[in-house]
Amino acid sequence: SFSFGASAENHVTLSSAQFSRVVLNGGYKFFSTLADVNVGAQYAMKNHPGKFDTNGHFRPFVSVGKGIASVTAAYDIESQLSNIEGALSAKHELSKNAAIKTAVFAGYTDMKDALPKTIKEIKYSNAYYGGSIDLSYKMFSVGMVALQDNDTNQHVLGWRTSVSRSF
């Protein structure tokens with residue numbers, strides 16, 4: 001099935017609150033009895049890129065999962081960052097068109113395809129973890145995300161709105 005979506009995010013830290021980014025994504029999901037594979041890309045537009053950052057980031061990805069568990073690998077072409085993230089997510093139906101979606105996730109980001117070859121090379125400062133909760137109605141959703149970013153040593157709380165469509 002094809003999927004398309006867009007989301008807008010706002011991040012709030014102890015020292016600042018700002019409109020963070022808009023993300024456009026698209027993909028195709030292959031269904032299987034063992035695991036579903038989703039292949040696609042996202043384009044993230046940052047509102048306040050850093051001094052050495054770019055406004056737009058193109059990120060092709062592959063996600064493998066079944067049921068509540070999934071693993072996603074992505075590569076940020078502009079920043080030359082590779083990322084792997086595991087997630088457990090569940091959808092709790094409230095009615096035919098409304099649901100609450102919850103998730104917990106943990107990930108690891110590394111630069112210039114320098115993924116660690118041994119446990120000793122893993123830099124735990126490149127790790128992050130968090131959770132989210134979203135209320136969805138048909139193809140629209142609004143929710144919150146909490147994130148601990150070990151690279152910047154910040155706790156980030158944010159809200160997001162999104163629209164997504166699959167067919």
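# Aromatic residues and strands in a predicted all-strand chain

The chain exposes about 10700 Å², of which carbon and sulfur atoms supply 64%. The model is a predicted one.

Visitor: How many helices and strands does the secondary structure of the chain come to?
Guide: From the N terminus on, the elements run β-β-β-β-β-β-β-β-β-β. The count for the chain is therefore 0 helices and 10 strands.

Visitor: What percentage of the residues of the chain count as buried?
Guide: The chain has 167 residues. A residue is buried when its relative accessible area is under 20%. The share that counts as buried is 27%.

Visitor: Which residues form one aromatic cluster?
Guide: The structure holds 5 aromatic pairs. Phenylalanine 2 and phenylalanine 167 form one of them, with 5.9 Å centre to centre and 35 degrees between the planes. The cluster is formed by Phe2, Phe4, Tyr28, Phe30 and Phe167.

Visitor: How many residues apart in sequence are the parts that the pair of phenylalanine 2 and phenylalanine 167 ties together?
Guide: Phenylalanine 2 lies in strand E1 (residues 2-12). Phenylalanine 167 lies in the segment after strand E10 (154-166), so the pair ties together parts whose separation in sequence is 165 residues.

Visitor: Is the aromatic pair of tyrosine 28 and phenylalanine 30 stacked or edge-to-face?
Guide: The ring centres of tyrosine 28 and phenylalanine 30 are 4.8 Å apart, with 75 degrees between the planes. Planes over 60 degrees apart count as edge-to-face, so the pair of tyrosine 28 and phenylalanine 30 is edge-to-face.

Visitor: What relative accessible area does phenylalanine 30 have?
Guide: Tyrosine 28, its partner in the pair, is partly exposed at 31% relative accessibility. Phenylalanine 30 is also partly exposed. The relative accessible area of phenylalanine 30 is 46%.

Visitor: Which strands each supply at least two residues of the nonpolar patch?
Guide: The patch covers about 740 Å² and is made by Phe2, Phe4, Tyr28, Phe30, Val39, Val62, Val64 and Phe167. Among them, phenylalanine 4 lies in strand E1 and is partly exposed at 45% relative accessibility. The strands that each supply at least two residues are E1, E2 (17-30) and E4 (56-66).

Visitor: Where is the place of lysine 138, which has a positive phi although it is not a glycine?
Guide: Lysine 138 has a phi of about 55 degrees. The residue is exposed, with a relative accessible area of 55%. Its place is in the loop between strand E8 (127-137) and strand E9 (140-149).

Visitor: And where is the place of glutamine 80?
Guide: Glutamine 80 is not a glycine, yet has a positive phi of about 55 degrees. At 33% relative accessibility, glutamine 80 counts as partly exposed. Its place is in the loop between strand E5 (69-76) and strand E6 (81-93).

Visitor: How far apart in space are alanine 41 and glycine 26, C-alpha to C-alpha?
Guide: Alanine 41 lies in strand E3 (residues 36-46). Not counting residues up to four places away in sequence, alanine 41 touches Leu24, Asn25, Gly26, Phe58, Arg59, Pro60 and Phe61. Alanine 41 and glycine 26 are 15 residues apart in sequence, and their C-alpha to C-alpha distance is 5.8 Å.

Note on methods: Residues numbered from 1 in each chain as written. Predicted model: local features only at pLDDT ≥ 70, side-chain atom pairs only at ≥ 80, totals over all residues. Heavy atoms only, no water. Phe/Tyr/Trp six-rings, centres within 6.5 Å; stacked < 30°, edge-to-face > 60°. Helix = DSSP H or I, 4+ residues; strand = E, 2+ residues; numbered from the N terminus. Buried < 20%, exposed > 50% of the residue type's maximum accessible area, 1.4 Å probe, protein only. Patch = residues over 30% accessible without salt bridge, like charges linked within 9 Å, V, L, I, M, F, W, Y side chains within 5 Å. Areas by Shrake-Rupley, 256 points an atom, 1.4 Å probe, with all protein chains shown as cover. Salt bridge = Lys/Arg side-chain N within 4 Å of Asp/Glu carboxyl O. Contact = heavy atoms within 4.5 Å.
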